[in-house]
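Me: Please go through the model shown here, keeping to what can be computed from the coordinates.

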Amino acid sequence: MLDPRRTQRYRRHDLIDWFSQEQVSAARVAVIGAGAVGNEVVKNLALLGCGTIDVFDFDTVELHNLTRSILLRESDAGRNKAEAVVERALDIDPHVTLRAVPGDFWDTLSLGRLQEYDCAIAAVDNFEARLRLNQLCLIARVDMVNAGLDSRWAAVESFPFGASEATACYECTLPETAYARVAERYSCGGLRRRAGVERRIPTTAVTASVAGALATSAALRLGGEGRLHAQRRLVDTIGGAGSTIRIERRAGCPGCGAFGQPPLVVRIRNRWATPHDCAGAAGEAVGEQPLQLSDALIAGYECAACGPLAEAAQYVNRRATTFDDAIATCPRCAAPAVRVDIRDTFTVAELAARFGSGRVPAKFALAEINGGAVCFDLEEPQGS
Amino acid sequence: MTQSLKLYVRTADQTRRAELDLDSANTGADIIQAAVDNWALPADTDYTLVNTTTGRALAPGDDLAKGVRPGDVLEVQPVLVAG
């Protein structure tokens, strides 16, 4: 039941026969990325009176963002984008619950927290973040909406993971060339390349507003849109032509193909010191079964010429993506001869030996147990 | 057993179109690569292939025998990555 002031605010919405203010006001949406599309989405969600809007972004505001970002001002330059966007959106409707979550969503959005949302919107600017959010939403069974644009086109894809176990995922139509672009950013199997050049794709406020509008409709399922099937909308923002196509699940898809059924999520909070805790949660079958971690770790660090290095302690058992390929140069002989062993697959016993009762630096671990997929959620609940 | 398929291939903005006889063993990725090469589409963009006749996307590695019939119109669509 809305309070009278809110009822007044949404009076015009009540005249729309297919629009349920009650549903919109109860909706909980995570917006990943507070760039051009993220601004539009947050603005739309706030105007519609969406119940909870959480905005995730690690980036800071730069002046060139201002041509496409409705909620940002010159005075925001240098601030975290999520914080600046949320502050301005609260002016639109102070009754909406809006929260900024600064930082990389991979570090700030746990599976448990994701499961509290009805939908997560990918308003990011790279394949890697989309692949990661797709994986999280697949496991958490939370709807995902992906928005993308360039200087002319706007595309919005919806993946109703929460409604159907058989829905296609973001990777079902992703071409090999996209994976090649992601791979270009890494060397040695997981270290970031220092010389990597980011593609800069020009966009405008026009394409951002169209993508933001379609993404908002898809996220809130306005008009009953996209309830059961994955679909893509592509709109030419100049000519107005557009198409809507259905996305089918692909056999052997690198994203959803790993799961015949959605994985059972088991929260073990990183207690590897006693593997029985883990096995007990999902049956006794984990044993020496390999677990695939969400994040590749540096498992070894040794120079081919100098042998074991004292510096290994700085790198071993940490996420590989934390470091760039400079660490492949030996600090002793200065030759690019360090063998950096990067792995994402370990047994429970190996994890217990490496981390004891300490935290494994990964979000989750996947295993196949008794013919079914199990996801061990390794993160502590947010706020604990 | 492969067969020859007479198809129409176009870009999303429909400025480029071709009527082609293609072997059903060709994959969506083959057609995209041919479109990029022959029509000089921007090479720094990624593309997917959509069958506009059926309203379904083609999986990148699938051959045309799956989900394409003679006379279908295939559209090369950009994969948009900016946000």
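**Helix, domains, interface and loops**

Me: Which residues of α4(A) are buried?
Reply: This is a predicted model, in which local features need pLDDT of at least 70, side-chain atom pairs count only at pLDDT 80 or more, and totals for chains, interfaces and linings use all residues. Residues are numbered from 1 along each chain as its sequence is written, with chains lettered from A and ligands numbered from 1 in the order in which they are written. A residue is buried if 20 or more other C-beta atoms lie within 10 Å of its own, exposed if 12 or fewer, and partly exposed in between, with C-beta atoms placed from the backbone. In α4(A) the buried residues are A:Lys81, A:Ala82, A:Ala84, A:Val85, A:Val86, A:Arg88 and A:Ala89.

Me: What distance does helix α4 of chain A reach from its first C-alpha to its last?
Reply: The helix covers residues 81-92 of chain A, 12 residues.

Me: What separation do the centres of domain 1 and domain 2 of chain A have?
Reply: The bounds, from an automatic or database domain assignment, are 4-247 for domain 1 and 264-377 for domain 2 of chain A. In contact are 12 residues of domain 1 and 17 residues of domain 2. Taken over C-alpha atoms, the centres are separated by 31 Å.

Me: Which element gives the most to the side of chain B that touches chain A?
Reply: Between the chains, 22 residues of chain B are in contact with 34 residues of chain A. The elements of chain B that give two or more residues to this side are α1 (28-38), β3 (46-51), β4 (56-58) and β5 (73-79). With four residues, the one that gives the most is β3(B).

Me: Which residue stands opposite B:Val9 in β2(B)?
Reply: Strands pair if DSSP finds at least two bridges between them. Strand β1 (residues 4-11) and strand β2 (residues 17-23) of chain B pair in the antiparallel sense over seven bridges. Their hairpin has five residues between the strands, and B:Gln14 takes a positive phi near 60° there. Opposite B:Val9 stands B:Ala18.

Me: Is A:Asn370 buried or exposed?
Reply: A:Asn370 is found in the loop between β15 (364-369) and β16 (372-377) of chain A. Its phi is near 50°, a positive value in a residue other than glycine. Because 9 other C-beta atoms lie within 10 Å, A:Asn370 is exposed.

Me: How does A:Asn317 count, partly exposed or buried?
Reply: A:Asn317 lies in the loop between α11 (312-315) and β14 (338-347) of chain A. A:Asn317 is not a glycine, although its phi is positive, about 70°. There are 16 C-beta neighbours inside 10 Å, so A:Asn317 counts as partly exposed.

Note on methods: Two residues are in contact if their C-beta atoms, placed from the backbone, lie within 7 Å. The expected span of a helix is 1.5 Å times one less than its number of residues.
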